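Work through the exercises below with the sequence and the structure side by side, and try each task before reading its solution.

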Protein chains: 4
Amino acid sequence: MHPGQAHAIHGNGEQDRRFGCECGIVAIHGHPRAAELSYYGLFALQHRGQESAGVATANGASLSVRRGMGLVADALKPSDLAALPGEDAVGHTRYSTTGSSTLANAQPLYARLRQGEVAIAHNGNLVNAAELRARCEAAGSIFQGETDTEVIPHLMARAETDDLTEAFFRALSQVHGAFALALLAPDRILLARDPNGIRPLSLGQAGDALLAASETCALDAMGGRFLRDVAPGEVVELRGGRVETVASLPAGRPALCLFEYIYLARPDSDLHGRNVHLARKAMGRRLWQEAPVAADVVVGVPDSGISAAVGFAEESGIPYEMGLVKNRYVARTFIQPAQALREAGVSVKLNAVGRVLSGRRVVLVDDSIVRGTTSRRLVTLLREAGATAVHLRISAPPFKHPCYYGIDIPTAGELLAARRTVAEMAAEVGADSLAFLSEAGARSAAADAAAADGFCTACFTGQYPVAPQPAERALR
Amino acid sequence: MHPGQAHAIHGNGEQDRRFGCECGIVAIHGHPRAAELSYYGLFALQHRGQESAGVATANGASLSVRRGMGLVADALKPSDLAALPGEDAVGHTRYSTTGSSTLANAQPLYARLRQGEVAIAHNGNLVNAAELRARCEAAGSIFQGETDTEVIPHLMARAETDDLTEAFFRALSQVHGAFALALLAPDRILLARDPNGIRPLSLGQAGDALLAASETCALDAMGGRFLRDVAPGEVVELRGGRVETVASLPAGRPALCLFEYIYLARPDSDLHGRNVHLARKAMGRRLWQEAPVAADVVVGVPDSGISAAVGFAEESGIPYEMGLVKNRYVARTFIQPAQALREAGVSVKLNAVGRVLSGRRVVLVDDSIVRGTTSRRLVTLLREAGATAVHLRISAPPFKHPCYYGIDIPTAGELLAARRTVAEMAAEVGADSLAFLSEAGARSAAADAAAADGFCTACFTGQYPVAPQPAERALR
Amino acid sequence: MHPGQAHAIHGNGEQDRRFGCECGIVAIHGHPRAAELSYYGLFALQHRGQESAGVATANGASLSVRRGMGLVADALKPSDLAALPGEDAVGHTRYSTTGSSTLANAQPLYARLRQGEVAIAHNGNLVNAAELRARCEAAGSIFQGETDTEVIPHLMARAETDDLTEAFFRALSQVHGAFALALLAPDRILLARDPNGIRPLSLGQAGDALLAASETCALDAMGGRFLRDVAPGEVVELRGGRVETVASLPAGRPALCLFEYIYLARPDSDLHGRNVHLARKAMGRRLWQEAPVAADVVVGVPDSGISAAVGFAEESGIPYEMGLVKNRYVARTFIQPAQALREAGVSVKLNAVGRVLSGRRVVLVDDSIVRGTTSRRLVTLLREAGATAVHLRISAPPFKHPCYYGIDIPTAGELLAARRTVAEMAAEVGADSLAFLSEAGARSAAADAAAADGFCTACFTGQYPVAPQPAERALR
Amino acid sequence: MHPGQAHAIHGNGEQDRRFGCECGIVAIHGHPRAAELSYYGLFALQHRGQESAGVATANGASLSVRRGMGLVADALKPSDLAALPGEDAVGHTRYSTTGSSTLANAQPLYARLRQGEVAIAHNGNLVNAAELRARCEAAGSIFQGETDTEVIPHLMARAETDDLTEAFFRALSQVHGAFALALLAPDRILLARDPNGIRPLSLGQAGDALLAASETCALDAMGGRFLRDVAPGEVVELRGGRVETVASLPAGRPALCLFEYIYLARPDSDLHGRNVHLARKAMGRRLWQEAPVAADVVVGVPDSGISAAVGFAEESGIPYEMGLVKNRYVARTFIQPAQALREAGVSVKLNAVGRVLSGRRVVLVDDSIVRGTTSRRLVTLLREAGATAVHLRISAPPFKHPCYYGIDIPTAGELLAARRTVAEMAAEVGADSLAFLSEAGARSAAADAAAADGFCTACFTGQYPVAPQPAERALR
């Protein structure tokens with residue numbers, strides 16, 4: 001879900017996360033400590049959203065919901081977990097955007113419908129939400145918030161059926177875009193993925209309990225084992241201890257977000273059977289094959305560039321070194337250095353290790369260039385620590401297009417790659433050389449040949465698997 | 001400084017830091033934004049203490065002090081920095097111990113003496129503080145708190161001189177133990193290290209400003225460059241833009257804490273000219289030489305075990321892999337999993353990567369075994385992820401003795417190595433084999449041959465460079 | 001409005017307010033500092049509700065809303081007022097009930113309708129809200145909260161007209177019960193009172209600005225002067241600087257709540273032209289006429305019993321004295337004394353003045369007996385301070401029936417007068433004599449003969465001007 | 001105690017308290033719930049200080065202390081009371097001054113001395129504290145805070161005796177000024193009043209427990225009965241369940257602060273056997289005798305002017321009416337109206353009742369004129385409500401001199417009476433006539449003839465019972 005407009009809060013080299021993935025979700029069916037378990041599942045998905053977190057539980061008869069702002073550990077307290085009885089749960093952690101970062105937009109979204117109480121957790125973004133909303137409002141519906149997700153309960157309330165699963169299916173048949181959804185009702189959990197499977201969603205099991213999560217690392221954290229991925233377009237019901245496919249949306253072409261492998265997902269997660277760390281290493285190996293360079297040492301930008309840097313080092317034979325050290329204590333409440341101090345070299349997040357870099361030709365491996373500001377700062381940092389050359393290698397293709405499916409990428413006007421050639425970019429960031437991994441290379445690193453076409457790479461190519469509506473386009 | 005008694009809050013595998021180093025200090029002389037700069041310096045030393053943080057500044061005429069509980073970003077707010085005028089500053093970040101973790105014990109310690117206002121920041125621990133305090137109290141002094149540091153201003157207040165530097169020197173001549181000190185007065189900063197140089201303290205320069213810090217990474221963070229270390233026993237005055245050695249305490253044998261290299265210091269710091277990351281890599285290399293083993297993959301325990309694991313891999317030729325992934329969002333307010341969930345496999349901080357470990361013989365490199373609980377849990381985690389063998393290698397000698405100089409090591413009764421042979425320990429943690437680095441090996445990795453004797457290794461050997469007082473011994 | 005169920009939180013003699021009046025409202029049209037002015041207006045109505053407070057403003061084009069929990073001074077901060085631009089405002093302060101005392105139920109209630117944005121403030125209670133809500137939900141409406149008020153925007157959204165005033169009138173034509181309403185839209189304010197005029201609402205003027213408030217004391221506080229009362233059933237529009245009656249609901253019999261005079265309203269307010277303090281004095285005078293007694297001193301229970309006590313003293317010639325002193329600092333966060341301390345005589349709110357009471361026969365004047373607990377405690381307190389006799393006089397008739405129009409009176413099972421004769425009550429509270437003012441006496445004190453029939457006295461008589469629905473009855 | 005400098009935060013007619021009395025104290029000996037009891041005692045003394053509150057308890061072996069900022073209910077939480085074991089307690093509530101209103105200055109003041117642990121609560125102000133402090137500091141003492149009270153523990157620490165009571169007596173023999181003191185030690189409580197008895201202190205009993213408090217209303221609140229006042233210069237020990245006079249300071253002339261009767265104390269307290277409400281009524285009666293005037297109604301300024309107004313009405317035969325109504329919800333966090341709103345008639349704290357005042361000649365009775373601003377505003381308010389004449393009567397003499405004994409009176413430059421004649425003051429506040437009670441009249445209302453000389457009236461006459469030091473004078 002997105003709150004009406006996208007925002008870019010990064011690019012200054014001091015932020016923890018450069019891109020926002022709007023949300024991670026978990027679901028638990030049939031566990032005596034469902035609320036607690038969802039807390040640990042959400043904690044494992046914390047990298048997918050730091051704005052707010054929430055959990056809803058069902059005890060067979062009614063729902064309870066708790067939501068709060070901030071990280072999971074801030075949003076949910078022991079008293080919250082204690083106020084969430086029942087053996088079924090859905091949880092949600094949300095990406096922070098400015099402006100609409102309010103409790104009103106936190107999920108799970110709760111509503112009482114003619115079909116009963118529901119709580120909905122959504123990862124992704126619907127491209128025809130504005131149009132559907134206008135239609136409901138004209139007919140007398142009152143919306144609470146600004147999120148695209150809210151059209152789903154309104155479409156369900158207006159479906160002329162008292163059957164919850166049927167109402168859910170009818171609502172999903174009207175929405176377009178990216179969605180991994182978990183809907184909690186007093187007696188069941190419904191899961192669904194959009195027909196293209198843009199956002200991931202996996203099923204697991206822990207003892208007698210059934211689990212679902214955006215990434216497999218959350219299944220691990222909940223003490224579970226992986227069962228299978230929810231298929232694109234599949235609607236799954238968890239009820240009475242059993243998993244059942246209850247409906248299928250009309251099929252689209254498979255288009256799992258490739259950027260999940262490059263940046264968003266945790267290295268210990270497997271997506272569609274492929275481990276993310278190993279995919280990143282493979283991207284690093286391929287990057288060396290596509291753009292070799294003579295150097296003395298390979299350095300990765302912590303944390304997301306490390307795996308690719310190790311792959312690059314292994315393939316090239318150039319030694320990998322810890323040339324950049326990250327301060328692990330960066331917090332939201334941290335005071336950013338004033339411009340004058342920044343210019344005087346005050347640095348907060350990353351420090352270069354002079355005794356590793358001094359007098360060496362360095363390959364710096366990172367996963368992206370957004371505005372170029374961060375990259376320029378890193379190159380400068382390495383040079384000041386004594387590097388005699390800095391060759392920048394990016395383990396992904398250049399970003400040129402906005403994402404309409406739930407990732408918060410700056411507008412084209414801000415994206416350096418949308419305005420500059422690679423040579424111009426190298427000059428702008430001050431690198432001795434610069435190369436990006438090819439789109440084909442990235443795809444082939446994330447899957448074997450048979451599956452390598454099944455990705456959404458719209459942010460690199462502009463080829464969108466689901467056409468965004470004019471209203472959505474206008475927001476970017 | 002220590003607050004009267006030592007505590008061990010670690011060993012459960014979920015804590016960020018296993019040992020407490022009691023404190024990091026910074027000093028700035030002659031910078032127009034001294035308070036802000038000290039904030040960034042302290043932030044770089046955050047790993048040395050997370051209980052409280054404080055900054056004092058001097059504007060030539062008077063002092064201002066602000067202290068708060070928690071991490072630097074929580075303890076000091078923009079309004080605090082705004083309330084700290086002046087071009088000189090000292091800052092302090094303190095290690096969290098239970099019980100005495102109160103604002104009253106936070107530093108810098110402020111006092112008005114007959115020699116004028118002072119603010120004192122102390123890293124280390126004095127072994128004769130209890131005796132000195134009893135003497136002062138019998139003569140009518142009233143102490144505010146429980147820390148050993150407080151004897152210093154009381155000894156100064158009772159020195160029959162109005163000269164501040166002289167009073168400081170007279171006080172230091174009476175205290176024994178470990179200290180790196182920064183004292184702020186309205187017109188100068190005084191720095192000192194104990195005669196054995198147990199705790200580190202380095203001088204730096206940023207433009208016209210003079211800097212000092214417990215570790216060089218803080219000099220980097222403040223935009224400065226390293227000048228030199230303060231020598232053991234040296235008393236330095238920063239005044240009028242100049243550095244001057246104003247006194248020397250009687251020399252002791254050089255005894256820099258070796259554990260700073262093994263665990264405490266940041267990898268990007270240089271201590272006595274030796275980079276910590278490179279020292280750890282050398283420990284890993286040496287560990288392979290001392291205790292080789294046939295295996296398929298080397299895995300380090302994040303974060304402090306990574307450098308040694310990379311060294312072990314390089315020396316052995318066995319590939320290094322990211323087999324354990326750490327959740328970066330562990331926070332103080334996090335709710336620990338209940339015992340039942342823990343036993344059911346719910347994990348919070350570390351996750352094992354099955355696709356890297358499955359079917360492999362693993363060398364697991366860590367920097368210490370304390371109670372054995374954490375190590376056992378890690379070995380189990382790797383086996384459950386499919387490792388066919390787990391060989392544990394520790395890049396330091398076994399801990400057997402308490403530290404009286406400011407590191408919070410559990411009591412001998414709790415230290416596994418004080419009660420068990422290496423073979424028994426291997427069995428207890430469930431490893432296929434276990435080896436520790438030798439004490440000589442650790443020393444030689446941290447320094448060249450000429451300097452390899454100049455370390456305090458009392459926690460491994462029981463040979464203390466300064467005899468602890470009976471009262472101090474009783475506390476352990 | 002009421003949040004689904006009524007609660008009684010009083011009767012222990014330590015609470016500030018014994019009965020809850022559910023809400024006070026203000027409206028301002030055409031003032032350059034509308035948000036600030038509404039803050040002071042709400043502050044003057046603080047006695048009508050301490051649970052939450054909120055203000056909405058309109059700047060001609062759109063609305064802004066801020067709500068918070070607690071007293072006005074806690075709920076609204078300078079930053080809130082600064083975030084409320086525009087020259088029109090409505091404000092609301094809400095009575096605290098347990099359970100549903102949440103921000104979600106705070107008002108003004110905001111909604112975007114097909115007729116545009118609205119913010120609604122409501123004092124009173126609708127008796128057919130449950131039925132109307134069920135009807136809307138069956139047709140696909142989703143309600144946010146639990147309050148009766150929310151049916152109004154839903155009925156408006158479903159009215160098949162784009163005219164806001166028309167939609168408001170159509171909605172009001174469907175609701176039954178008690179309401180004083182202020183609706184803010186970008187270009188106008190709409191005010192309305194139910195056909196019986198159960199809850200008060202007055203119009204005022206301050207310079208060029210038009211004002212409305214539940215009580216005239218709020219007009220005074222906003223620097224305004226009284227214009228006239230909104231008539232029962234009248235719908236008023238404030239727009240373009242003018243007051244206009246735009247519609248009238250079918251007339252009912254006049255039935256202003258008599259309890260407003262007895263307890264709820266502030267003594268400096270005038271209701272339907274009658275000053276509340278003077279009405280209470282007249283009740284005291286009449287009480288002496290109906291139930292005289294030989295005594296030495298008249299004492300009133302602070303604060304609401306003081307006016308009647310002064311009237312009683314004047315009419316009887318017995319001197320009035322300050323025999324009970326109230327601690328002005330009772331706060332929400334106060335820790336109530338444990339039972340053992342209470343029994344040992346620890347008292348918090350009221351203290352008896354021994355030198356005024358000792359050896360005297362005392363007439364104690366209060367405005368009500370609810371459960372009897374408080375009265376018994378007060379009688380005991382006076383006797384312990386030396387009173388030789390305590391004659392209790394109540395300046396209102398006995399409470400025997402629940403209120404369905406927005407006042408939080410305990411259930412009949414808890415009301416002492418519903419179960420006991422006056423003589424039994426005197427024995428239960430330990431008074432030497434007890435008398436209540438007659439219902440006719442109370443009415444005649446609040447109005448001249450012509451208007452003395454125009455009151456709702458259902459809580460005393462059980463004669464309800466608007467029949468409560470079965471669902472509402474079940475809640476009591 | 002005072003924190004180094006005095007501040008005036010009043011005079012704008014919107015503040016609750018016009019003068020600051022620096023502190024109220026309580027002590028409890030031998031009660032199983034000593035901490036809770038002291039909480040209720042402090043709550044009854046809340047009017048004497050709203051800045052901070054604290055309680056210390058002793059369990060026979062050691063002390064526990066908790067202090068917090070703000071009102072008692074904010075400063076002390078259930079967890080604080082639970083952390084205060086033991087049967088002996090002292091408590092303190094402190095007056096709010098700007099600047100030094102910090103937790104560091106909150107009391108009870110805790111110190112570990114050679115005679116053991118002590119916690120000290122002080123009401124009053126020492127006039128030679130600065131001199132004594134300088135002497136201690138020159139000899140090597142380090143002071144923590146800025147308060148005058150802190151010299152007492154330092155003088156005790158330097159007394160060459162291990163006997164606590166002896167050390168306390170020696171310290172008191174050196175200090176001059178006003179003090180009511182309660183000192184808690186592990187095995188006893190010591191109480192003392194200065195030789196002139198400027199500040200009050202009374203003893204009481206509740207069951208087997210012994211009590212002490214600044215005012216008798218606190219004894220009542222704790223469920224106790226009054227025993228006797230501590231005599232001027234008396235040092236009392238509460239130990240082993242018994243009260244004993246253990247020492248006497250050299251006698252001075254009796255000089256109980258007359259302003260306690262006029263304004264500071266609660267109306268339900270008795271000071272030196274005289275009830276405060278009755279003293280105020282007597283002042284009102286005497287005021288009529290000294291300055292009669294033809295009028296229709298007498299109105300008192302709530303709350304402190306009410307008793308005198310009632311006395312004035314009784315003596316004159318002019319009826320007393322509730323012409324001013326006070327909003328009971330004024331809170332610290334309240335936003336003061338902007339100047340423009342104030343001028344437009346927005347009022348917050350007091351409202352005039354038009355139907356009581358309109359067309360009447362009014363006598364307005366208040367207890368003081370400070371800067372004149374408040375009085376002018378009140379006179380205007382009455383005239384705007386329709387009063388045809390306003391005669392202002394003040395139930396105390398004019399303030400012309402600063403207080404050095406613990407009351408926060410504005411500087412002479414700000415005191416209207418120090419610069420103007422009565423006629424000029426009448427003109428400045430806009431009253432038709434103005435009169436003050438004579439000093440002799442005030443004294444005679446507070447005591448019978450025999451005791452009427454035993455008051456400190458220095459703020460009216462400039463005759464100080466204890467000469468202030470030059471340093472103290474300089475502060476005013």
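This is a predicted model: local features need pLDDT of at least 70, side-chain atom pairs count only at pLDDT 80 or more; totals for chains, interfaces and linings use all residues.

**Exercise 1.** Find what joins strand 6 of chain A to strand 7 of chain A, and work out how the two strands run.

*Solution.* Residues are numbered from 1 along each chain as its sequence is written, while chains are lettered from A and ligands numbered from 1 in the order in which they are written. Next, strand 7 covers residues 116–126 and runs antiparallel to strand 6, with five bridges between them; strands pair if DSSP finds at least two bridges. One of the partners to locate is A:Glu117 in strand 7, which is bridged to A:Arg112.

**Exercise 2.** Explain why strand 6 of chain A is largely enclosed by the rest of the structure.

*Solution.* Four of the five residues of this strand, residues 109–113, are buried, so the strand is largely enclosed. A residue is buried if 20 or more other C-beta atoms, placed from the backbone, lie within 10 Å of its own.

**Exercise 3.** Determine which rotation superposes chain D on chain C.

*Solution.* The rotation is 180°, with 0.0 Å of shift along its axis and an RMSD of 0.1 Å, by least squares on the C-alpha atoms of residues with pLDDT of at least 70 in both copies. The two copies are therefore related as by a two-fold rotation axis. Finally, the C-alpha of D:Arg328 comes closest to that axis among the residues of chain D, at 3.9 Å.

Definitions and conventions. A residue is buried if 20 or more other C-beta atoms lie within 10 Å of its own, exposed if 12 or fewer, and partly exposed in between; C-beta atoms are placed from the backbone.
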